[in-house]
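I am opening this entry to record what I looked up, in the order I looked it up.

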Amino acid sequence: MAQAIQACVHCGFCLATCPTYLELGEEMDSPRGRILLMKEGLEGQMPLAELAEYVDRCLGCLACVTACPSGVQYGELLLPFRGLMERSRRRTLGERLLRSLIYQVLPFAGRFRLAAWAGALARPLAPLLPRPLATMVSLLPARVPRPVSWPSVVPARGVRRARVALLVGCVQSVLAPQINRATVEVLTRNGVEVAIPPNQGCCGALSMHGGELAQARQMARRTLETFSLDGVDAVVTNAAGCGSGMHEYPLLLAGTSAEAQARRFAAKVQDVSVFLDRLGLDPPPGPLPRPVVAAYHDPCHLAHAQGVREEPRRLLSRIPNLTLRAVPEEAICCGSAGTYNLEHPELAARLGQRKAAAVESTGAELVITGNIGCMAQIQAHLTARGCPLPVRHTLEVLAQAYAGSPAEPLAGDAAGG
Ligand code: SF4
Ligand code: SF4
């Protein structure tokens with residue numbers, strides 16, 4: 001934690017990319033202000049209860065890390081500080097109930113599937129629900145897809161070029177299993193054997209992000225036990241939040257007996273776009289049925305947390321008649337940020353509306369991104385604007401380009417997410 005506090009020279013270069021500062025205009029809701037508050041909290045000059053609301057409002061998007069010329073590792077301060085705050089604070093009954101719902105349901109695919117089915121049925125009642133529940137319902141797809149069961153290994157097609165282990169994710173495997181199908185399709189078509197450990201669960205990223213560090217450590221340990229690194233070139237994920245979380249395992253498990261294993265594991269974790277870009281993607285055999293103009297949205301946990309910006313764009317540029325357009329304010333978070341849109345629905349909605357307006361201004365007919373949370377958030381706010389753009393994952397678009405004649409249209413279909 002000391003590095004971030006000592007390295008900050010209070011220059012303010014990060015302010016222009018901090019979503020909460022842009023929306024609220026308060027110094028204490030900026031990276032610089034929060035670093036100062038956390039310093040005072042750690043030194044005992046300010047009670048944690050007084051500064052909690054400002055630290056809570058931080059999205060953990062890490063746009064400030066990208067912007068900072070002094071190399072302040074803000075994330076390394078935020079993660080342990082949130083854990084410290086959670087251990088020492090008194091939450092209201094309403095907050096405790098909401099957090100129980102979030103952290104005892106979302107990371108468990110079976111429980112979340114039941115909740116999602118109930119939520120989809122409750123959609124007509126959404127205006128009567130408390131704001132966090134109404135937000136949760138608005139982010140669900142119109143129909144919750146059937147669960148997919150995977151073999152433990154999907155062989156490469158043709159000559160095997162590599163072998164990976166795939167994290168299928170908890171929330172994503174419930175809301176959008178087609179992303180995993182597309183990922184396996186593109187990997188195997190590129191000569192990659194895909195191991196899918198059958199007993200995998202949540203990687204712990206959601207809990208880590210929310211300061212529930214004991215739960216996050218438990219989930220991280222389970223992931224380390226479930227994923228064998230033997231003969232595996234990479235542990236691959238298609239959800240930016242999970243990839244970012246698994247890269248943080250060494251920090252999460254620092255000082256424990258699992259730290260060395262966490263380092264070895266984190267060194268193998270790659271977003272699927274990075275893995276395919278390094279492997280060398282076989283170009284799709286032909287163009288899409290018609291030219292498509294798409295806007296690419298950078299997930300914060302890919303662009304800021306993992307420094308991955310060019311790889312997905314390079315992969316998509318291999319599709320001959322797909323044109324990518326930049327989204328204005330591309331460094332600014334869409335407001336999804338793990339469970340932020342459930343715990344801070346008003347501010348998340350402002351950011352979601354801001355992002356949806358920016359996306360719409362591109363004139364694109366399709367939105368492409370690499371994180372299920374961003375997909376649900378952007379889709380919900382585009383729909384709320386009456387703008388029926390579909391939102392697709394990078395790997396879905398690649399899989400459809402390989403298929404030549406898409407099973408579902410890339411553009412012109414509003415039932416995305
Ligand atoms: S840009 Fe970096 S050094 Fe400057 S105020 Fe922000 S965090 Fe501190
Ligand atoms: S992580 Fe995001 S919201 Fe938090 S201080 Fe940095 S830029 Fe602002």
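Which domains does the domain assignment give for the protein chain? I am working with a predicted model. The assignment lists domain 1 (2–88), domain 2 (93–138), domain 3 (153–278) and domain 4 (285–403).

I then looked up domain 1 against domain 3. Their centres, taken over C-alpha atoms, are separated by 28 Å. I found 7 residues of domain 1 in contact with 7 residues of domain 3. On the side of domain 1 that touches domain 3, I noted 3 charged, 2 polar and 2 nonpolar residues.

Next entry: the core. The largest nonpolar core has 122 residues. I wrote down V164, A294, C333, V367 and I378 as the residues with the most contacts inside this core. Helix α22 (residues 372–384) gives the largest share of the core, 7 residues. For background, I note that nonpolar side chains tend to be buried together in soluble globular proteins.

Which residues is V164 in contact with, leaving aside its neighbours within four places in sequence? The list I got is L187, V192, V194, V232, D233, A234, V236 and F275.

Last entry: ligand 2. I looked up its surroundings and found 14 residues, with C18, P31, C58, C61 and C64 the closest. The elements that give two or more residues to this shell are α2 (19–24), α3 (31–42) and α5 (63–67). By class, I recorded 10 nonpolar, 3 polar and 1 charged residues in the shell around ligand 2.

How values were computed
Residues are numbered from 1 along each chain as its sequence is written. Chains are lettered from A and ligands numbered from 1 in the order in which they are written. This is a predicted model: local features need pLDDT of at least 70, side-chain atom pairs count only at pLDDT 80 or more; totals for chains, interfaces and linings use all residues. A residue is near a molecule or strand if its C-beta atom, placed from the backbone, lies within 6 Å of it. Helices (H or I, at least four residues) and strands (E, at least two) are DSSP runs, numbered from the N terminus. Ala, Val, Leu, Ile, Met, Phe, Trp, Tyr, Cys and Pro count as nonpolar, Asp, Glu, Lys and Arg as charged, and the others, Gly among them, as polar. A nonpolar core is a set of buried Ala, Val, Leu, Ile, Met, Phe, Trp, Tyr and Cys residues joined through C-beta atoms within 7 Å. A residue is buried if 20 or more other C-beta atoms lie within 10 Å of its own, exposed if 12 or fewer, and partly exposed in between; C-beta atoms are placed from the backbone. Two residues are in contact if their C-beta atoms, placed from the backbone, lie within 7 Å. Domain bounds come from an automatic or database domain assignment.
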